[in-house]
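Trainee: Could you walk me through this one slowly, please? I would like to ask things as they come up.

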Amino acid sequence: MKNLTILFLILSSSFLVHSQVPEGFKYQAVVRNSSNQILTNQAVGVRMTILRGSASGITVYSETFSSTTNLNGILNLEIGTGTTSYDFSTIDWSNGPLFIETAIDVTGGTNYAVMGTSQLMSVPY
């Protein structure tokens, strides 16, 4: 009986050691217009693109959002949950470097202007 209990504990603990990669990550930004004024409670269109190799590299994922800034002009998104024809789960995170490009239409449409590109860095959690 004791051996059966030990075997059960070993088998059940193996299910606990397999972690899952989240199917998204948080993104936050302050949105400003061309006059550098913070846009509060403003509808904005956003396109987020993940690039491989460099800041002008190959697109491996792209998605769009229709969102609204808050009272402080902050935009909160979860990358991986926008409108897209790509599959977030197929991104090979080990084949980098990877970069994220942010493009925004401050009128809420789809006439995006690229605001910048930053390298994605791993963070322990």
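Trainee: Where is the place of Glu63?

Mentor: Glu63 sits in strand β3, where strands (E, at least two residues) and helices (H or I, at least four) are DSSP runs numbered from the N terminus. Keep in mind that this is a predicted model, in which local features need pLDDT of at least 70 and side-chain atom pairs count only at pLDDT 80 or more, while totals for chains, interfaces and linings use all residues. Residues are numbered from 1 along each chain as its sequence is written, and side-chain values use heavy atoms, with hydrogens and water left out.

Trainee: Is Glu63 buried or exposed?

Mentor: Glu63 is buried, a word that stands for under 20% relative accessible area, with exposed meaning over 50% and partly exposed in between (1.4 Å probe, protein chains only). Even so, Glu63 has no salt bridge, and the nearest side chain of opposite charge, that of Arg47, is 11 Å away. For the charges, Lys and Arg count as positive and Asp and Glu as negative, whereas His and the chain ends are not counted. A salt bridge needs a side-chain nitrogen of Lys or Arg within 4 Å of a carboxyl oxygen of Asp or Glu.

Trainee: What does the side chain of Glu63 reach, then?

Mentor: The side chain of Glu63 reaches the backbone nitrogen of Gly80 at 2.8 Å, and with the side chain of Tyr61 it makes a polar contact, also listed at 2.8 Å. A polar contact is a pair of N or O atoms within 3.5 Å; within protein, one must be able to donate a hydrogen and the other to accept it, and residues adjacent in sequence count only if both atoms are side-chain atoms.

Trainee: You mentioned Tyr61, so which ring pairs with the ring of Tyr61 edge-to-face?

Mentor: Under the ring rule there are 5 aromatic pairs. In one of them, the centres of the Tyr61 and Phe88 rings are 5.3 Å apart and the planes stand at 80°, so this pair is edge-to-face. The rule pairs rings of Phe, Tyr and Trp (its six-membered ring) if their centres lie within 6.5 Å, and planes under 30 degrees apart count as stacked, over 60 as edge-to-face and the rest as tilted.

Trainee: And where do Tyr61 and Phe88 lie?

Mentor: Tyr61 is in strand β3 (residues 58-68) and Phe88 is in the loop between β4 (74-79) and β5 (98-105), so their pair ties together parts that are 27 residues apart in sequence. Tyr61 is buried at 1% relative accessibility, and Phe88 is buried too, at 7%.

Trainee: Changing topic, how many salt bridges does the structure hold?

Mentor: The structure holds 2 salt bridges. One joins Glu78 and Lys26, whose closest N and O atoms are 3.3 Å apart. Glu78 lies in strand β4 and Lys26 in strand β1 (residues 25-30), so this pair ties together parts that are 52 residues apart in sequence. Glu78 is partly exposed at 31% relative accessibility, whereas Lys26 is exposed at 66%.

Trainee: What about Glu101 and Arg47?

Mentor: Their side chains meet in a salt bridge at 3.8 Å, N to O. Glu101 belongs to strand β5 and Arg47 to strand β2 (residues 43-52), so the bridge ties together parts that are 54 residues apart in sequence. Glu101 counts as buried at 15% relative accessibility, while Arg47 is partly exposed at 25%.
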